[in-house]
Amino acid sequence: MAGRINDDDVKAVRDAVPIDAVVSEYLQLRNAGGGNLKGLCPFHDEKSPSFHVSPAKGLYHCFGCQEGGDTVDFIMKLDHLSFAETIERLASQAGITLRYEEGGYTPGRQQGERTRLVEAHKAAAQFYVEQLDGPEAEIARKFLAERGFDQAAAQHFGVGYSPAGWDHLTRFLRGRGFSDQELVLSGLSQEGRRGPIDRFRGRLMWPIRDIAGEVVGFGARKLRDDDNGPKYLNTPETPLYRKSQVLYGIDLAKKEIAKTNRAVVVEGYTDVMACHLAGVTTAIATCGTSFGEGHIKILRRLLMDNAGSEVVFTFDGDAAGQKAALRAFEDDQKFAAETSIAITPGGMDPCDLRLAKGDAAVADLVEARTPLFEFALRHVVSRHNLDTTVGRAAALDEAAPIVANIKNSSIQHESAVQLAGMLGILDTQFVVKRVSQLARWARERGRDGGPDQGRQQQHRGRPQAAEQARSAPGPRGPALNLRSPAHRVERELLKLALQRPDLVSPAFDAYGADEFTAPPYAVVRQCIEDAGGTAAGAHDSAYVPRVREAAPDDTVRAMVTELAVEPLHTRRDPDEAYAGVQLVAVRLAAVNHRVTEIRGTLQRLGPRADPEHLAAVQNELWVLQQYGQSLRERGYAAL
């Protein structure tokens, strides 16, 4: 049975790897104020950033889909890893050697499946690189040289060579302790008549890395005429590799994509190499499949859906290239970014263009791009006979919806005018009005969306924490809106208690759970007490993790995370005065609530009540009224 990772090592890993550094490997983050960062959520599709990261607390929370947790939770959920696999990956990044209890550490037995497959690919990539220097790989080096790639270029992209024998890699990885089952599962080997053999043999090899930089697969190019396989052979679908969810070069391009708000999509491995070497370092490519939904999600997280961001597709000018461009245009509306197309001259791809005309020609190709919708318009119009009234009308019917879908209203108007010119329609305003009408109808359909869409939008607008309030200990009933004005102050005070315990301590620790009228908030208040209170957390980095551990279930734990990350409702840095306002407001609300209860009690007692009991109730009412008055007049000093 696999040993458990030592608890001290787990803590060391959590402390060693900052959450913002990990999250930034997957999406672009920008300042959200108050020391927090925000970006587009990787767990659901959204147009504006609601995914918040708190580096100080080591937590993240999405206020759209309610996913939240710490660094380990993020990796586990996004990459579908087990807890042990996640700790092992982060430990490897931090250079921490893990200790395993219950029998010690045995490589291969105690590491998670994904971690083992990643290590196998890492070893295979190094093996292929080393083989590129051997005599047999002369044909591979010649292939690279003929395409303008020297040894430094091959090293930069990790290009290698797979020997032509049956099982060179298989035997090498067996010697590293990998089992035949792992090698077949990874896609590096395949079943032969007498056991596993290498999947890739006698080919030029490109390592395919995920956005975090780990090798998850390979692309292999045929080199010899006696190779009966396809020109390009990729890793099959495996637990690591999904061709619809990987982009070649994304590990090298991601920082520049986020920085420049531009991505350039090319068609092949050598095209990515040529673009990067020519200075277009935002180039990426799909791996044996067309550009689709999974690839869009990767880019949207990096581009942040900024209005000024752009995706440039490069295609050959032949029929296949035009078909690919139109297929890309079908996904245009899935980007908030503008999409453009760069048609390579003379049917040359970027690699050929660099060879023929140099680096500057590749950069110029991208700069001379055309909006993708304009390309699609010209393609649609070209199918109709514009010399006839019927032909022009048919072309307008087909092209007008394309223009109506353009997101930018000013570009939409200019494109409608341009369309009128393409069609030879002199009444430009007729075309503009037609496009505007179609756009308005589309917006109205989007607002109405049918009964189901309305319900979905209503559900998305309601915090999940409110839906889950039923499951928290306390009175049951209709779901609470925990962001309503009635509960906002309680929420703000709890946020301060988690984010800035130094500002509310020790006063907060004297507050009873009954002072929080929303049952879920009362439970969070109890968790804070169980974790030692704000006095203990004022100077303790492990304070919030302790509060999360004290939560009775995942629902409360998620709420603690949410409150620890959610921005405070102040434009300035919170100070003691701001904290005092929240403390007073919560206490005053509790006092007013109790005053209302006592008045109800007095009314029920009536004139025949026991005089001693009546006097006691009246005295409590007087004391509370005086205390409430003092709170209103003196504020924090009256607590």
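Reader: Is E492 buried or exposed?
Author: In this predicted model, E492 is found in helix α22, which covers residues 485-499. The cut-off for a buried residue is under 20% relative accessible area, and because E492 has a relative accessible area of 2%, E492 is buried.

Reader: How many disulfides does the structure hold?
Author: A disulfide is a covalent bond between the sulfur atoms of two cysteines, and the number that the structure holds is 0. For C41, the nearest cysteine sulfur is that of C62, at 3.6 Å, whereas a disulfide requires sulfur atoms within 2.5 Å. C41 is buried, at 4% relative accessibility, and C287 is buried too, with a relative accessible area of 0%. The count of disulfides is therefore 0.

Reader: On strand β4, which residues are buried on one side and which on the other?
Author: Strand β4 covers residues 59-62, and both of its faces are covered. The buried residues are L59 and H61 on one side, and on the other Y60 and C62.

Reader: Which residue in β4 is the bridge partner of H52?
Author: Strand β3, residues 51-54, runs antiparallel to β4 and is joined to it by 4 bridges. The two strands form a hairpin with 4 residues between them, and in the turn G58 has a positive phi of about 70°. Within this pairing, the bridge partner of H52 is H61.

Reader: Which residue in β5 is the bridge partner of L59?
Author: Strand β5, residues 68-70, pairs with β4 in the antiparallel sense over 3 bridges. These strands form a hairpin with 5 residues between them, where Q66 in the turn has a positive phi of about 75°. The bridge partner of L59 in β5 is D70.

Reader: Which are the edge strands of the open sheet of 5 strands?
Author: The order of this sheet is β13-β12-β14-β15-β16, with mixed pairing. At one end, β15 (residues 338-344) and β16 run antiparallel and are joined by 2 bridges, with T370 in β16 as the bridge partner of I341. Each edge strand pairs on one side only, and the two are β13 (283-285) and β16 (370-371).

Reader: At what angle does helix α12 run to β12?
Author: Helix α12, residues 293-303, lies across β12 (262-266), β13 and β14 (310-316). Its angle to β12 is about 155°.

Note on methods. Residues are numbered from 1 along each chain as its sequence is written. This is a predicted model: local features need pLDDT of at least 70, side-chain atom pairs count only at pLDDT 80 or more; totals for chains, interfaces and linings use all residues. Side-chain values use heavy atoms; hydrogens and water are left out. Buried means under 20% relative accessible area, exposed over 50%, partly exposed in between (1.4 Å probe, protein chains only). Two strands pair if DSSP finds at least two bridges between them. Contact means heavy atoms within 4.5 Å. Axes are lines fitted to C-alpha atoms, for helices over the stretch in contact, and angles run from 0 to 180 degrees between N-to-C directions.
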